[in-house]
Amino acid sequence: MHDSELLADEFEEHRGRLRAVAYRMLGSLSEADDAVQETWLKLGRTDVGEIKNLGGWLTTVTGRVCLDMLRSRAARREGPLELSDTFVPDPVVSSLDRIDPEQEVLLADSVGLALLVVLETLEPAERLAFVLHDMFAVPFDDIAPVVGRNAAAARQLASRARRRVKEAAPEPERDAVRQREVLDAFLAASRAGDFEALVAVLDPDVVLRADAGALVGGVTGSKLLRGAEAVARSALAFRRFAASSRLVRVNGEAGVVAVVDGRPQSVMAVTVADGRIVAMHILADPERLARLGLAGEEPGE
C-alpha cells in the first residue's frame with residue numbers, strides 16, 4: 001500500500017496533464033478543476049497496488065469523469081438554442097511576454113478557442129475519443145471501456161470527430177508576430193472608424209461569437225455574426241472598447257482584454273489565417289470574467 005503522502009506527491013506530478021485533459025473535454029476551467037478533484041477522490045477509494053500505470057489510469061479516469069459531466073450537462077441544458085451558438089469556452093489569458101508554467105502545460109498543443117468551440121459540437125463520446133487519442137495519445141484499447149464500446153468502435157468515434165474538427169476548425173496562423181500585426185490592424189481600423197479597413201482585415205466568411213452570459217430581463221448581448229461587413233459594423237458599434245483594449249495572449253493566440261475603470265469588460269481572441277481574421281471569440285459574461293482573475297491587472301505588461 002502506498003504511503004498517503006507519497007501518493008499525493010505522485011498525483012501532483014500528473015495534475016497539470018489531468019487538468020489539460022479536463023479543459024479540452026469541458027471547455028471550463030472551474031469544471032476542469034472539479035474533474036481533477038473527483039479523480040483524486042476516486043484514487044483514494046482505489047487499491048493503488050492494482051494500478052500498473054498510474055499516469056494512464058489517472059488520465060482515463062479523468063476522461064470518464066468528464067464524460068459523465070458532459071452527459072449530465074446535455075441532459076439538463078436549458079434556454080434558447082441560439083445561446084449554444086454563441087457559447088465561448090473559458091479563455092486562458094496570459095501576458096505577451098511572460099509564460100506561466102501552469103498555462104504552458106494547459107495549452108501545450110495550442111488549443112485555441114476556435115477548436116474548443118468545435119469540440120463543443122461533438123457528441124460526448126466522440127469528444128472523449130478525440131481528446132484522449134489525438135491530443136494525449138491514449139490507446140483505443142484503453143478508451144474503449146470508458147465509452148462502453150470495443151476498440152474498433154472507439155477508433156471510429158475519434159475518426160468521425162477528427163473529420164468534423166478538420167472541416168470546421170480553421171488552420172490558424174502560428175507566427176505570433178503575424179497574428180499581432182493583423183490584430184493591430186483591426187484595432188487601428190476600429191479606433192479610426194474606418195469601415196473599409198476593417199472589412200479588408202477580415203476574411204469574407206469570418207465568424208464572430210460574443211458570449212455575454214445568461215439572459216437578464218429577457219435581454220442578452222450574446223450574438224453570432226457571419227461575414228466581414230456584419231462583423232465590421234459590430235466593431236464600429238463597440239469602437240469605444242477598442243480604445244481601452246490591451247494586447248494579450250488568449251489560448252496562445254493574439255487577443256485583447258478591454259478594461260474600463262480597472263474592470264475587465266471583455267476578452268477577445270482572434271484566429272488569423274492567410275493574413276486575415278477568420279474567427280473572433282468574445283467573452284463578455286461578467287460572472288465568468290470575474291472568475292478569470294483579471295481584475296486589477298494590466299494585461300500585456
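1. Contact here means heavy atoms within 4.5 Å. The model is predicted, and the points that follow should be read with that in mind.

2. By that criterion, one face of contact is between helices H7 and H9: Ala-125, Glu-126, Ala-129, Phe-130, His-133 and Asp-134 on the H7 side meet Ala-154, Leu-157, Ala-158, Arg-160, Ala-161, Arg-162, Arg-164 and Val-165 on the H9 side. Sorted by class, the contact of H7 with H9 has 8 nonpolar, 1 polar and 5 charged residues.

3. Two packed helices are described by the angle between their axes and the distance between the axes. For H7 (residues 124–135) and H9 (residues 151–168), the axes come within 8 Å and cross at roughly 90°. Angles of 65 to 115 degrees count as roughly perpendicular, and H7 is therefore roughly perpendicular to H9.

4. His-133 belongs to helix H7. Its relative accessible area is 26%, so His-133 is partly exposed. Not counting residues up to four places away in sequence, His-133 touches Val-138, Phe-140, Ile-143 and Arg-162. Between His-133 and Arg-155 the C-alpha to C-alpha distance is 8.8 Å, with the two 22 residues apart in sequence.

5. How many aromatic pairs does a search of the whole structure find? The search finds 1. The pair is formed by Phe-11 and Trp-40 and is tilted, at 5.1 Å centre to centre with 55° between the planes. Phe-11 lies in helix H1 (residues 4–26) and Trp-40 in helix H2 (residues 29–44), so the pair ties together parts that are 29 residues apart in sequence.

6. Is Phe-11 buried or exposed? Phe-11 counts as buried because its relative accessibility is 0%. Trp-40, with a relative accessible area of 27%, is partly exposed.

7. In soluble globular proteins, nonpolar side chains tend to be buried together. The largest nonpolar core in this model has 53 residues, of which Met-25, Leu-119, Leu-128, Ile-143, Val-147 and Val-267 touch the most other members. H7 supplies the largest share of this core, 7 residues. A second, separate core has 25 residues, including Ala-228, Ala-235, Val-270 and Val-272.

8. Val-267 deserves a separate entry. Leaving aside neighbours within four places in sequence, Val-267 is in contact with Pro-91, Val-93, Val-250, Val-256, Val-257, His-281, Ile-282, Leu-283, Leu-289, Leu-292 and Leu-294.

Terms used. Residues are numbered from 1 along each chain as its sequence is written. This is a predicted model: local features need pLDDT of at least 70, side-chain atom pairs count only at pLDDT 80 or more; totals for chains, interfaces and linings use all residues. Side-chain values use heavy atoms; hydrogens and water are left out. Axes are lines fitted to C-alpha atoms, for helices over the stretch in contact, and angles run from 0 to 180 degrees between N-to-C directions. Helices (H or I, at least four residues) and strands (E, at least two) are DSSP runs, numbered from the N terminus. Angles under 35 degrees count as roughly parallel, over 145 as roughly antiparallel, 65 to 115 as roughly perpendicular and the rest as oblique. Ala, Val, Leu, Ile, Met, Phe, Trp, Tyr, Cys and Pro count as nonpolar, Asp, Glu, Lys and Arg as charged, and the others, Gly among them, as polar. Rings of Phe, Tyr and Trp (its six-membered ring) pair if their centres lie within 6.5 Å; planes under 30 degrees apart count as stacked, over 60 as edge-to-face and the rest as tilted. Buried means under 20% relative accessible area, exposed over 50%, partly exposed in between (1.4 Å probe, protein chains only). A nonpolar core is a set of buried Ala, Val, Leu, Ile, Met, Phe, Trp, Tyr and Cys residues joined through side-chain atoms within 4.5 Å.
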